[in-house]
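This briefing concerns the strand pairing, the surface and the charged contacts of one protein model. Please consult the sequence and the structure shown here alongside the text.

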Amino acid sequence: MKSKWFGLKVRAVILRKSGKSIRYIEEVLGIPRSTLSGWFRDITLSKEQKKILDKNWKRALISARKKATIWHNEQKEKRLVEAQTQAHTTLRGLSMSSSDILDLALAMLYLGEGFKKSNTTGIGNSDPLILKFFIAVLKKNYALPLEKMKCELHLRADQDPLKMKKYCAKELKIPIKNFTSASIDKRTRDSATYSSYKGVCIVRCGTVSIQRKLLYLSKLFCEGVILQVTGS
């Protein structure tokens, strides 16, 4: 008994002998792969036909990879937009002018990044955003003038200390005279530095009382949340 696709057999065989893959023929003609496999069982492809088939397969693979990359990038962009929307929603419920909220945010940042075994309040980072936030909250909540903030740089061997001081002074809006020493890591002599990396900048203020408050605040907050969530 002939299958309902028998009328397409000649066309399918021609496509196969021309170097088309079974998947391609299946998609174009709508014939099940099992049927095609039976029709093509006795077809022996020449070296040239195999080359064409291999070339088509590689071309299809490249195309599929490009499509997959585009799809993954689109999905990533959607997730980023969703995360941004969620962040805006959270912030709308908070008052960023609240001293308590700013203190808590600074305390949690300090718990992770701040100096804990020093007699000053200080933080070191390569991200200007973190340092700007640190300086902004110190100015708003503790009325610390810029004159009381001292900075030092930790740089790689191929970085110009004066150039980096000028960059950081401009970014942080701190007078360049407030920048003291610049330490150079001699271990980096044999490797080039990415242009986006501006070294680690340390910002200090001359009082330990702020450090103590921030560390106690972060510790008590963490313990309070743990107790509330776990009951222990």
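Strand 1 and strand 4 are joined in the antiparallel sense over 5 bridges; strands are DSSP runs of E with at least two residues, helices are runs of H or I with at least four, and both are numbered from the N terminus. Two strands count as paired if DSSP finds at least two bridges between them. The model is predicted, so local features need pLDDT of at least 70 and side-chain atom pairs count only at pLDDT 80 or more, while totals for chains, interfaces and linings use all residues. Residues are numbered from 1 along each chain as its sequence is written, and side-chain values use heavy atoms, with hydrogens and water left out.

- The open sheet has 4 strands in the order 1-4-2-3, with mixed pairing.
- Its edge strands, strand 1 (121-125) and strand 3, each pair on one side only.
- Neighbouring strands of this sheet are turned by 15° against each other on average, direction ignored; axes are lines fitted to C-alpha atoms, for helices over the stretch in contact, and angles run from 0 to 180 degrees between N-to-C directions.

**Strand 2**

- Strand 2 (residues 149-156) is largely enclosed by the rest of the structure, because 6 of its 8 residues are buried. Buried means under 20% relative accessible area, exposed means over 50%, and partly exposed lies in between (1.4 Å probe, protein chains only).
- With strand 4 (residues 200-205), strand 2 pairs in the antiparallel sense over 6 bridges.
- With strand 3 (residues 179-185), strand 2 pairs in the parallel sense over 5 bridges; Leu155 has Ile184 as its bridge partner in strand 3.
- A right-handed β-α-β unit is made by strand 2, helix 7 (residues 161-172) and strand 3. Right-handed means that, with the strands pointing away from the viewer, the path from the first strand over the helix to the second runs clockwise.

**Nonpolar surface patch**

- Met108, Leu111, Phe221, Val225 and Val229 form a nonpolar patch on the surface, with about 390 Å² of accessible area together. Accessible areas come from the Shrake-Rupley method with a 1.4 Å probe, and for residues only the protein chains shown count as cover.
- Patches are made of residues with over 30% relative accessible area and no salt bridge; like charges are joined within 9 Å, and nonpolar side chains (Val, Leu, Ile, Met, Phe, Trp, Tyr) within 5 Å.
- Helix 5 (99-113) and helix 8 (209-230) each supply at least two residues of the patch, and helix 8 gives the most, with 3 residues.
- Met108 is placed in helix 5.

**Salt bridges**

- The count is 7 salt bridges, each being a side-chain nitrogen of Lys or Arg within 4 Å of a carboxyl oxygen of Asp or Glu.
- Lys213 forms a salt bridge with Asp103, the closest N and O atoms being 2.6 Å apart. Lys213 lies in helix 8 and Asp103 in helix 5, so this pair ties together parts that are 110 residues apart in sequence. Lys213 is partly exposed at 39% relative accessibility, whereas Asp103 is buried at 9%.
- Glu171 and Lys132 meet in a salt bridge at 3.2 Å, N to O. Glu171 in helix 7 and Lys132 in helix 6 (residues 128-142) are 39 residues apart.
- Arg187 and Asp185 form a salt bridge in which the closest N and O atoms are 2.9 Å apart. Arg187 is exposed at 76% relative accessible area, and Asp185 is partly exposed at 25%.
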